[in-house]
Amino acid sequence: MSFKPQSVYELLGGEEPLGRLVDAFYDKVERDEVLRPMYPAELAESKRRLFLFLVQFFGGPARYSEERGHPRLRMRHFPFAIDRQARDHWLKHMCWAIDEAGIAEPARAMMRDYFERSSAFLINRPDGSDTPE
């Protein structure tokens, strides 16, 4: 008998908790003076894309890739000036959203770890500058 660890998607029981996470996250982004200017006026499409990405990344259906191709996170985020301050705001809101959405352990720790690593990877500007590193 082989043991296959559960994906975060399976631990969460499907998509619904990820929808709550995305909604909670964007509630904070909407009022954030650092992050809000990076997003379009209407957030619905951004929310939908993040939701599809998270579902796929954490082990659910691959609808994000079917629709948009490979995620290519660094390339897709390069047009936005992401310095340490922007990263810290993003991560703070995402960690709050994990708690607000009621994500329990061990999925909570797995998600926080991923968001900490990926948000650091997306920093593409030195602090206080609009020029790429």
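User: Does Glu 45 count as buried, partly exposed or exposed?

Analyst: A word on the source comes before the answer: this is a predicted model, in which local features need pLDDT of at least 70 and side-chain atom pairs count only at pLDDT 80 or more, while totals for chains, interfaces and linings use all residues. Residues are numbered from 1 along each chain as its sequence is written, and side-chain values use heavy atoms, with hydrogens and water left out. Buried means under 20% relative accessible area, exposed means over 50%, and partly exposed is in between, with a 1.4 Å probe and protein chains only. Glu 45, at 33% relative accessibility, therefore counts as partly exposed.

User: With which residue does Glu 45 form a salt bridge, and how far apart are the closest N and O atoms?

Analyst: A salt bridge is a side-chain nitrogen of Lys or Arg within 4 Å of a carboxyl oxygen of Asp or Glu. Glu 45 forms one with Arg 49, where the closest N and O atoms are 3.2 Å apart. Both residues lie in helix H3, four residues apart, which is about one turn of the helix; helices here are DSSP runs (H or I, at least four residues), numbered from the N terminus. Arg 49 is partly exposed as well, at 34% relative accessibility.

User: How many salt bridges does the structure hold, and which distant parts of the chain does the pair of Asp 23 and Lys 47 link?

Analyst: The structure holds ten salt bridges. In the one between Asp 23 and Lys 47, the side chains meet at 3.2 Å, N to O, and this pair links distant parts of the chain, since Asp 23 is in helix H2 and Lys 47 in helix H3, 24 residues apart. Asp 23 is partly exposed at 39% relative accessibility, and Lys 47 is partly exposed with a relative accessible area of 25%.

User: What is the phi of Arg 72?

Analyst: Most residues other than glycine have a negative phi. Arg 72, although not a glycine, has a positive phi of about 40 degrees; this residue is found in the loop between helix H4 (63–68) and helix H5 (73–77), and Arg 72 is partly exposed, with a relative accessible area of 39%.

User: Which backbone atoms do the side chains of Ser 119 and Gln 56 reach?

Analyst: A polar contact is a pair of N or O atoms within 3.5 Å; within protein, one must be able to donate a hydrogen and the other to accept it, and residues adjacent in sequence count only if both atoms are side-chain atoms. The side chain of Ser 119 reaches the backbone oxygen of Glu 116 at 3.2 Å, and Ser 119, found in helix H7, is buried at 6% relative accessibility. In helix H3, Gln 56 has a side-chain polar atom 3.4 Å from the backbone nitrogen of Tyr 64, and Gln 56 is buried, with a relative accessible area of 19%.

Conventions. Helix = DSSP H or I, 4+ residues; strand = E, 2+ residues; numbered from the N terminus.
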